[in-house]
Amino acid sequence: QWNGNLDELAVWDSVLDSTQVSNIYNGGVPNDLASTNPIHWWRMGEEASYTGGQWTLTDQGSGGNNGTSATLPAPPTQPSTDVPLWNNKSFLFDGIDDYIDCGDIAEFDGTTVLSISVWIKVANTSDAQFIVSKYFSSTVRTHIAIASNVLYLNTSNGSSSYGSIAF
């Protein structure tokens, strides 16, 4: 579970070059990533709609995997600074049972080239928290996580051991 804010999650099926990464990072909140051709791009608050008790996040990339929420709160009628759960820019996940299901992201299936960009604000970095995750089985999985104040990219191809990169 994620405990904190999440916004502007994008996935590419290529390696972004250093100029593209710098432009995303130095541009502040990315208002338009379309020129970088993401295959998936969820803008959270800006492009989300709330109907029937759940959020729908439109995939702004070419992949077409719209996301649906689980247990995220309804939007306030008038967003304001005193309502921390929704602010037109990001979602605040409670670290207990909030998540967004974006379907089966095929690009995570044994890919050798992948770029991911996401804006996060962490409420607690001491507990293990998953930012992006795909589980194929109990031993085959890929995820980006934070644990003990360290950001990890973990992959496993079916054995009980992981390949990890810590940042």
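**Notebook: residues, contacts and a pocket**

I began with Glu8, whose place is in strand E1; strands (E, at least two residues) and helices (H or I, at least four residues) are DSSP runs, numbered from the N terminus. I note that the model is predicted, that local features need pLDDT of at least 70 and side-chain atom pairs pLDDT 80 or more, and that totals for chains, interfaces and linings use all residues. Residues are numbered from 1 along each chain as its sequence is written, and side-chain values use heavy atoms, with hydrogens and water left out.

**Entry 1: backbone angles**

I looked up the phi of Glu8 and found a positive value of about 50 degrees, although Glu8 is not a glycine. I noted this because most residues other than glycine have a negative phi. Is Glu8 buried or exposed? Glu8 counts as buried because its relative accessible area is 0%; the cut-offs are under 20% for buried, over 50% for exposed and in between for partly exposed, with a 1.4 Å probe and protein chains only.

I then turned to Asn37, which is not a glycine either and has a positive phi of about 55 degrees. Asn37 lies in the loop between helix H1 (18-26) and strand E2 (40-42). With a relative accessible area of 59%, Asn37 is exposed.

**Entry 2: the ends of H1**

Which residue caps the N-terminal end of H1? I found Asp17 there, with a side-chain oxygen 3.0 Å from the backbone nitrogen of Thr19. Just after H1, I recorded a positive phi of about 75 degrees at Gly28.

**Entry 3: the whole chain**

I counted the elements and found one helix and 12 strands in the protein. Read from the N terminus, they run β-α-β-β-β-β-β-β-β-β-β-β-β. Of the 167 residues of the protein, 34% count as buried. I also looked up contacts (heavy atoms within 4.5 Å). Among the contacts with a separation of 6 or more, 53% join residues 24 or more positions apart.

**Entry 4: His40**

I placed His40 in strand E2. His40 counts as buried, at 2% relative accessibility. With which side chain does the side chain of His40 make a polar contact? The partner is Asp59, at 2.7 Å; a polar contact is a pair of N or O atoms within 3.5 Å, one able to donate a hydrogen and the other to accept it within protein, where residues adjacent in sequence count only if both atoms are side-chain atoms. Leaving aside its neighbours within four places in sequence, I listed the residues that His40 touches; among them are Leu9, Ala10, Val11, Asp59, Ile105 and Glu107.

I found Ser115 in strand E8, where Ser115 is buried with a relative accessible area of 12%. A polar atom of its side chain lies 3.1 Å from the backbone nitrogen of Leu16. Leaving aside its neighbours within four places in sequence, Ser115 is in contact with Ala10, Val11, Trp12, Ser14, Val15 and Leu16.

I next looked up Gly103, in the loop between E7 and strand E8 (115-122). Gly103 counts as partly exposed, at 48% relative accessibility. From C-alpha to C-alpha, Gly103 and Asn66 are 7.5 Å apart in space, and they stand 37 residues apart in sequence.

**Entry 5: aromatic rings**

How many aromatic pairs does a search of the whole structure find? I found one. Tyr50 and Trp55 form this pair, edge-to-face, with 5.2 Å from centre to centre and 65 degrees between the planes. Rings of Phe, Tyr and Trp (its six-membered ring) pair if their centres lie within 6.5 Å, and planes under 30 degrees apart are stacked, over 60 edge-to-face and the rest tilted. Trp55 is buried, with a relative accessible area of 1%, whereas Tyr50 is partly exposed at 30%.

**Entry 6: the second largest pocket**

I looked up the second largest pocket and recorded about 650 Å³ of space, a volume being the space filled by probe spheres set on the grid points, which are joined across faces, edges and corners. Of the 25 residues that line it, Tyr99, Ile100, Ile131, Val132 and Ser133 are the closest to its centre. A pocket is an open set of points, on a 1 Å grid over the protein atoms alone, where a 1.4 Å probe fits, with protein on both sides within 12 Å along at least five of seven lines; lining residues have an atom within 4 Å of a point.

Which element gives the largest share of this lining? I found that E9 does, with six residues. Strand E1 (3-12), strand E7 (99-101) and strand E9 (129-135) each supply at least two lining residues.
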